[in-house]
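Dear colleague,

Please find the structure below, followed by a short account of what was found in it.

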Amino acid sequence: MAEVIIVRDAREGGEFVADAVIDLVRARPGAVLGLATGSSPLPVYDAIGRRAGEVDLSRVHGFALDEYVGLPEGHEQSYRATITREVVVPLGLTPANVHVPCGRVEGIRTAGEEYDTAIAAAGGIDLQLLGIGTDGHIGFNEPGSSFASPTRVKTLTRQTRRDNSRFFGHADEVPRRSITQGIGTILRARHLVLLAFGESKAQAVASAIEGPLTSSVPASAIQLHPRATVVIDEAASRLLANADYYRDAFADSSAWQTR
Ligand code: GLP
């Protein structure tokens, strides 16, 4: 099962995960990180940024989880622009080392396969950051996504487009399609770290961690992974039946097992 860590708040969660990332990069300066967008991983990037002097990230490789299809080049809400703004620049990653699936309509039919090939050529992802959608999606793998899926185009649900309309002004402006690492792609990463904060994620988190394995809750696929860590705050843990067990297990571990 996933290791579940219930933290006081997002800042503390960010610091936990930043520790794991920094330890990884110290051990392996050319580590390959799976980068997530959305608000959940921001505390991780902030915490790494605060400790930027401690580790050189210039040799790190990054692969973003997903991208919208069909946004104009350079659109500020494209995940390429978001990753550049929120991760590459503040953390001092080398832009040429950071990859985002190509959301251009021309070439979209082969873009997924090319992306999975590029991940494999880099040696695979060492640590994959994940958020979770309120409908249980990871990346943009909406409910029903095969657990074996490769990187490919996915149509977004109305719920996801509503959730993401806060970045665009109106749901109608949110693209209808995305290109996302598949669940099969995500499961090949050596360590998964899923972050979720706030009441709105409580149902998705409970279904993902304690519900049945089902493509109706794409994040439940992390139950199949030998090394998955879930970092959540109290509000996001509210519907977990075994929250006390996770607290006890974490309190008993001499060090965070991801280190
Ligand atoms: C988007 C992204 C997901 C992300 C989700 C949740 O749909 N494609 O990768 O996990 O939003 O975002 P947030 O962390 O802002 O709640």
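Gly-184 is buried, with a relative accessible area of 11%; buried means under 20% relative accessible area, exposed over 50% and partly exposed in between, with a 1.4 Å probe and protein chains only. The model is a predicted one, in which local features need pLDDT of at least 70 and side-chain atom pairs count only at pLDDT 80 or more, while totals for chains, interfaces and linings use all residues. Residues are numbered from 1 along each chain as its sequence is written, and side-chain values use heavy atoms, with hydrogens and water left out.

Gly-184 belongs to helix α6, residues 183–187. Leaving aside residues up to four places away in sequence, Gly-184 touches Phe-147, Ala-148 and Ser-149, where a contact means heavy atoms within 4.5 Å. Ala-148 is 36 residues from Gly-184 in sequence, yet their C-alpha atoms are 4.1 Å apart in space.

As to the whole chain, nine helices and ten strands make up its secondary structure; these are DSSP runs numbered from the N terminus, helices being H or I of at least four residues and strands E of at least two. The chain is as compact as a globular protein of 259 residues, because its radius of gyration of 17 Å is close to the 18 Å of the globule rule. That radius is taken over C-alpha atoms, and the rule is 2.2 Å times the number of residues to the power 0.38. Of the 259 residues, 56% count as buried. Along its principal axes, the C-alpha trace spans about 55 × 40 × 35 Å.

With kind regards
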